[in-house]
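I opened this notebook to record what I looked up on charged pairs and on one helix.

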Amino acid sequence: MSKQRAAVIGTGQTKHTTKRLDVSMAGLCREAIDRALADAGVDWPDIDAVVLGKAPDLFEGVMMPELALADALGAPGKPLLRVHTAGSVGGSTANVAASLVQAGVHRRVLAVAFEKQSESNAMWALSIAPPFTMPVGAGAGGYFAPHVRSYIRRSGAPDHIGALVAVKDRRNGARNPYAHLHQPDITVDSVLSSTMLWDPIRYDETCPSSDGAAALVLADEAAADAARQPVAWLRATAMRTEPTTFAGRDQVNPQAGRDAAAALWTSAGIRDPLAEVDVAEIYVPFSWFEPMWLENLGFTEQGNGWRITESGDTELGGRLPVNPSGGVLSSNPIGASGLLRFAEAASQVMGRAGDCQVDGARTALGHAYGGGSQYFAMWVTSATKEW
Amino acid sequence: MTAGPAPLQAPLDIGFDYTRSLGPVLGRFMAGLAARRIHGVRGSDGRVLVPPVEYDPSTAAPLTELVEVANEGTVVSWTWVSEPLADQPLARPFAWALIRLDGADTPMLHAVDAGPEDRVSTGMRVRARWAPEPAGRITDIECFEAIDKPGGSPAPGEIGEPVTMMTAPVQLRYTHTVSPEESHYLRGLAEGRLLGGRCPRCGKVYIPPRGACPTDGVPTVGEVELPDHGVITTFCIVNVPFLGQRITPPYVAAYVLLDGADIPFLHLVLGCRAEQVRMGMRVRAVWQPREQWGTTLHNIDHFEPTGEADAPFESYARHL
C-alpha cells in the first residue's frame, strides 16, 4: 500500500483560557483557523476539504456543531467531515485529514478542533449515572484515578513522580504564550501540598478547564514544496481502539495504545524511539500519565517510565523532552487538546515552537488518547522529506 | 438468551443550562431585539442576510456591517403545525413560515400566529409581535402575525450595549432500556442474588452478563451465581464535589471483583476510614433492608471490609 507524501504546512491556536466570553464558538474556531492559514501562507480558495474534531456533544449541548459552524469553517462547497473519538478527537482529526491527502483525494485539507468548556460542565456531563447502576462516577479524574493507583502499585514508583511531571509541564507552559496556565514558580512541594481531588490525583496534577481551538493545514508534496516556510513531513500515523471494559483489560498499559505505537514505529522505520525521537507531545491530562504513556508508547519497558521522568530526561534539554508546550496540564480545551499535541509536534520540526523549541528537533511525536483509554491516535513528524 | 420477561426500562432525564457567548455580530443583533429592531448583516456579495451570520456563507470572510431591516415582511413559504409541541413559540395551531423581511435578501424561519390554517398563504404580509418586555433574547420576537391585524407595534427604542451571553437550557428525556441479559441480572438482584454469565468461547465470567462478550462477540450463557464478597482491585477517594453528584464526598469508589468473577464493577466502600482502604482488601456486600430491594445494584448499599487477610497482588493483578 503506497501513500502519497503529506506535510503540515501551517498551524494555529488560540490563547487558551478559562472563559472566552468575547467570541462565539465560530469566532473561537476562526481565530485558530486564521492563524493556521496565515502560517501556511494559503487562503480559503486553497483549501479543498475541512475536518472538524469536537468532544462529545453533551459538553456544549450543541448537536452536530459541524452544521452550525459550516460557514465559519469555510466549508460550503467543500467536503466537511466530523470526527468523534472523545478526548483523543483532535489527534484523530489530524490523522483523518492526513489520510485525505495521503490517499491522493485532496491537495490541502484544513483540520480544526475546539472546546468551549465555559459554556458547559464537563464534570457533570461525564458523571451521568444510567439507571440501575451505582452513581459513584466522578468525571474523568474519578475514572482515571484508580488506574493511576494501579500504576503506582505495579511499578513501585515513588509518590513524587506525579508532582515532578506537573512542575515540568507547568513551567514549560509558562514559556508558551498560548498556554492557559502560566505557573513559572510552581514547585514539587507546592504540588504535593495541593488539594487531593481524586486520591491519588491532586489538584495541581490535573489539567485545567479551557476554552480554546487549534487548526492545521495538511498538504500534499507539491503544495508542501511550494510553502514559503519549513513544513513538517508526516513520517507515520497510527490509530487503534479497544472496548471500555472486558475481562482482563489492562487499564494501565492498554493493548490499543501498545498496538498503535508498535504500528507507528514500524511504519516510521524507528527501532529505538527513545534514541530516535527528539521531542514528544503526549496527552497527559493527569500528571501520572506521562510515565504510563512512556511505557505504553514503548520508550521504555513496562515499569520503568517513572525512571525516565525522575531522571529529568523528559525536561526541556533532556534526552526526550515531553510536552515542551506545557501539554494538556497547561491547557485543556478538550476537543482541541489532541490536535494541539499534533500541531506542537509539527511546530517543533518546523522550527516554529518559539520559547518551547527543542534545539535541532527533526523527529517529533504527537499523541492523543480518549474515552476510558479506548482511543489512541499518534503521528511522527519529520523536518525532512526523507529520513 | 431464551425469550423471557421484557427488558427492564427506567427514565433517564438529564438537563443543563448551557451558556452561549454570542460574539460581536450576534451580540449586536440581540441588543437590537431588546430595542424592537431587527438587523441583518451585509454579505460579501452585498446581500442582507437575516438573521445575521458571523462569516460569509460563500467566501467565509468575517462579516461586520449590520443593516437594520423592517419588522414586517412577506411569507415565502410555510407549513402548518396543527398540534404544537411543548416549548414551541405558540400553544395553539400555527404556521412555521419562511419570512423575508422588507430590506432583507434571505428569509428567516419563524412562527406565524394566523388563526385558522386557511388564513395563511404564500405572499401573506406579516409583522413581528414583540414580547411585552424585550430583553435581548431571540424570544423577544414572540411570533409574526398578519399585518392587517389591529394594534401595530410599539415604537422601537434606543439600542444598548451588545448582549454578550445567553442561556440555552437543554433537557433530554430518555427511556433507558437494558439488555435481556442485564435484565436477568437485575431481577436476580431484586431477590438478593448476584447473577453472572459465562462466555462460551473464552470462559470468562461477566457480571452483569453480556449480550456480547467484548472479546468474542457472542452472548454470555448460563447463570453463574456469585457470592456477595470479593476483593478491591483498585480504587480512588473522591474528595471533589460537583454538579449532579449523588453521594456526598469524601467517598471511596472501588472496583470490586467478586470471588469467581472475571471483571470488577464500581461500588462504594464504607465501614472503615477512607485512608484505610487498600488494593487487595477483602470486602463483603452490605445490603439494604430486604423491603427496599428493587431491580438495581442500589440493593447493595455499600461494601465493607471483612477483616480477612488481604488478597495477594498476583491474585488480582490481571484485573487492573
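**Entry 1: Conventions.** I noted that this is a predicted model, in which local features need pLDDT of at least 70, side-chain atom pairs count only at pLDDT 80 or more, and totals for chains, interfaces and linings use all residues. Residues are numbered from 1 along each chain as its sequence is written, chains are lettered from A and ligands numbered from 1 in the order in which they are written, and side-chain values use heavy atoms, with hydrogens and water left out.

**Entry 2: Salt bridges.** I took a salt bridge to be a side-chain nitrogen of Lys or Arg within 4 Å of a carboxyl oxygen of Asp or Glu. By this rule I found 42 salt bridges over all chains.

**Entry 3: Glu221(A) and Arg5(A).** I looked up this pair and found a salt bridge with an N to O distance of 3.6 Å. Glu221(A) belongs to helix H8 (residues 221-225) of chain A, while Arg5(A) sits in the segment before strand S1 (6-13) of chain A, so the bridge ties together parts 216 residues apart in sequence. Helices (H or I, at least four residues) and strands (E, at least two) are DSSP runs, numbered from the N terminus. For exposure I used relative accessible area: buried is under 20%, exposed is over 50%, and partly exposed is in between (1.4 Å probe, protein chains only). Glu221(A) is partly exposed at 30%, and Arg5(A) is partly exposed at 28%. Both residues also belong to a network of salt bridges that links them with Asp225(A), Lys385(A) and Glu386(A).

**Entry 4: Asp250(A) and Arg154(A).** I recorded a salt bridge here at 3.1 Å, N to O. Asp250(A) lies in the loop between strand S8 (232-241) and helix H9 (255-268) of chain A, and Arg154(A) in helix H5 (residues 139-155) of chain A, so parts 96 residues apart in sequence are tied together. Asp250(A) is buried at 17%, whereas Arg154(A) is partly exposed at 25%.

**Entry 5: Asp45(B) and Arg47(B).** In this salt bridge the closest N and O atoms are 3.0 Å apart. Asp45(B) is partly exposed at 49%, and Arg47(B) is partly exposed at 37%.

**Entry 6: Helix H3(A).** How many of the 14 residues of H3(A) are buried? I found twelve, and the helix is mostly covered. Among them are Val89(A), Ala94(A) and Leu100(A). After H3(A) comes Gly104(A), with a positive phi near 80°.
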